[in-house]
Amino acid sequence: MSGARPPVDLYHRLVRADAQAEQDWGGPDRVASGGLRLIVSGALQGAGDQVVNAKTVLPWLLTATGAPAALAGLLVPLRESGSMLPQAALTPWVVSRPRRTRVWMVGAAGQGVATLAMAGSAVLLDGLAAGLGLLAALAVFAVARALCSMAAKDVQGRVIPRGQRGQVTGISTAAAGLAAVAVGVALQLAGPTVGPALLAWLLVGAAALWFAAVVVYSGIPEEPGAERAPSEPWWSQTVGMLRTDARLRTFVLARALLLVSALAPPFLVTLAVEAGSSWLAGLGSFVIAQGVASVLGGRLFGRLADRSSRQVMMIGGLGASVVVLAVVVVVALAPFGSPLVLAALVLGYLLLSLLHVGVRVARKTYVVDVASGDERTRYVAVSNTAMGAILLVIGVVSAGIATFGQLPALVFLALLGLVGVAVTRRLPEVSQGSPAAG
């Protein structure tokens, strides 16, 4: 491309583009403008997510404020299910908005405000009050995130042609990973004891990232859709779609069974702490590992997902199950606390984080490619609402199995993942070159 169009040049350096597809989507200038803004806003949100992390930073913050340890068990279900369960109920309002960019901006602003409330709870309260304040703010954060989750797929589908969407998501993920590595290094340098004040400042910085993302997102050249009123109650539509749409049911089932990459890492962390690796138990180490996984996996899995998001989901689920089973074998056979066990846990955590990036990027790409228009909105909302309920069930079951030890719980999750690979094979292919809607 000519040097007179720097946004297009930059976008084409980052994303492998199809000239004809870009012409069909309004021309390379429009696609590049929207794509770059999606990448930057996605990276800003992803960097904020690395701080507002229910698996690492927030549990650490609860402990630092003296909150009861039992509250830590509510963080991941509240964060994940809280952002998915409301989506079907929110669908009528989202569908009635012709500009989905504005829906995303409302959600991002809400996440920024909720993050500031978390910071306030950390410095102004302590003990049980601090824990309850943090959980309340996290609940608001999760609902705001639901709006972003629903609107983001629509905006991407309206602005970016099929064949580039996985790359856009992957680049944002990689950029957020770099930010996570920087935060992790800073936390490591701060020493093994990280207090509420430092974490509160990190939360303030994360809130600023969401507010900046709102500004960036406002410039996306979205073509508004038609304003529509809902034709039936959201609960009837949700149940009806799951009952009549076999493709949607298969996607939801596959996604649920591939939760191995999301639910297994905390068990590895617990095993590592019990093995006596104090350096691994540092907060910075976990954040760095997640960041490295995002950097390595974002670009790689983004491009692969544009070729076949279905196959990337299969590879990620299979790889995660194999990694988990390998770690179980090592932990079961080697002396607990030995260097071999420690190495297996560290490597296993990193590989699971990497494979989870692949599953996540591929799943997002698949749901954008498989449907179009308001059908895409409903697919996202219904699948996420169903996943919110399923996540709670699988989380409770795996936690119950974990009362007999982490290894049985890990085996259970690995077996679910293997079944998930078989179910994913039944999904239709919808990536670039497929006749499916895009």
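Q: Which residues of H18 are buried?

A: In H18, the buried residues are Gln406, Ala409, Leu410, Leu413, Ala414, Leu416, Gly417, Gly420, Val421, Val423 and Thr424. This is a predicted model, and a residue counts as buried when its relative accessible area is under 20%.

Q: How many residues does helix H18 have, and what does it reach from its first C-alpha to its last?

A: The expected span of a helix is 1.5 Å times one less than its number of residues. Helix H18 covers residues 406–424, which gives 19 residues, and it reaches 27 Å, close to the 27 Å expected.

Q: What should helix H3 span at 1.5 Å a residue?

A: Helix H3 takes in residues 28–51, and its 24 residues should span 34 Å; the C-alpha atoms at its ends are 35 Å apart, which agrees. H3 is also mostly covered, with 19 of its 24 residues buried.

Q: How many salt bridges does the structure hold?

A: Side chains of opposite charge can pair when their charged atoms come close. The structure holds five salt bridges. One of them joins the side chains of Arg145 and Asp49, at 2.6 Å from N to O. This pair links distant parts of the chain, with Arg145 in helix H8 (residues 127–159) and Asp49 in helix H3, 96 residues apart.

Q: Are Arg145 and Asp49 buried or exposed?

A: Arg145 counts as buried at 8% relative accessibility, and Asp49 counts as buried at 15%.

Q: Where do Arg158 and Glu222 lie?

A: Their side chains meet in a salt bridge of 2.5 Å, N to O. Arg158 lies in helix H8 and Glu222 in the loop between H10 and helix H11 (234–244), so the pair ties together parts that are 64 residues apart in sequence. Arg158 counts as buried at 19% relative accessibility, and Glu222 is buried with a relative accessible area of 5%.

Q: What are the relative accessible areas of Arg310 and Glu429?

A: The side chains of Arg310 and Glu429 meet in a salt bridge at 3.4 Å, N to O. Arg310 belongs to helix H15 (residues 283–333) and Glu429 to the segment after H18, 119 residues apart. Arg310 is buried, with a value of 15%, whereas Glu429 is partly exposed, with 30%.

Q: How many aromatic pairs does the structure hold?

A: Ring pairs are read from the distance between centres and the angle between planes, and planes under 30 degrees apart count as stacked. The structure holds three aromatic pairs. Among them, Trp104 and Tyr217 are stacked, at 3.9 Å centre to centre with 10° between the planes. Trp104 is in helix H7 (residues 100–124) and Tyr217 in helix H10 (residues 196–217), 113 residues apart. Both Trp104 and Tyr217 are buried.

Q: Why is the pair of Phe251 and Tyr366 stacked?

A: Their ring centres are 5.7 Å apart and their planes stand at 10°, so the pair is stacked. Phe251 sits in helix H12 (residues 246–257) and Tyr366 in helix H16 (residues 339–370), 115 residues apart. Phe251 and Tyr366 are buried.

Q: Which residues make the nonpolar surface patch?

A: Val113, Leu116, Trp201, Val204 and Phe211 make a nonpolar surface patch of about 490 Å². H7 and H10 each supply at least two of its residues, and the largest share, three residues, comes from H10. Phe211, found in helix H10, is partly exposed with a relative accessible area of 34%.

Q: With which residues is Thr115 in contact, leaving aside its neighbours within four places in sequence?

A: Thr115, in helix H7, is in contact with Val52, Phe141, Leu203, Ala206, Ala207 and Trp210. At 0% relative accessibility, Thr115 counts as buried.

Methods. Residues numbered from 1 in each chain as written. Predicted model: local features only at pLDDT ≥ 70, side-chain atom pairs only at ≥ 80, totals over all residues. Heavy atoms only, no water. Helix = DSSP H or I, 4+ residues; strand = E, 2+ residues; numbered from the N terminus. Buried < 20%, exposed > 50% of the residue type's maximum accessible area, 1.4 Å probe, protein only. Phe/Tyr/Trp six-rings, centres within 6.5 Å; stacked < 30°, edge-to-face > 60°. Patch = residues over 30% accessible without salt bridge, like charges linked within 9 Å, V, L, I, M, F, W, Y side chains within 5 Å. Areas by Shrake-Rupley, 256 points an atom, 1.4 Å probe, with all protein chains shown as cover. Salt bridge = Lys/Arg side-chain N within 4 Å of Asp/Glu carboxyl O. Contact = heavy atoms within 4.5 Å.
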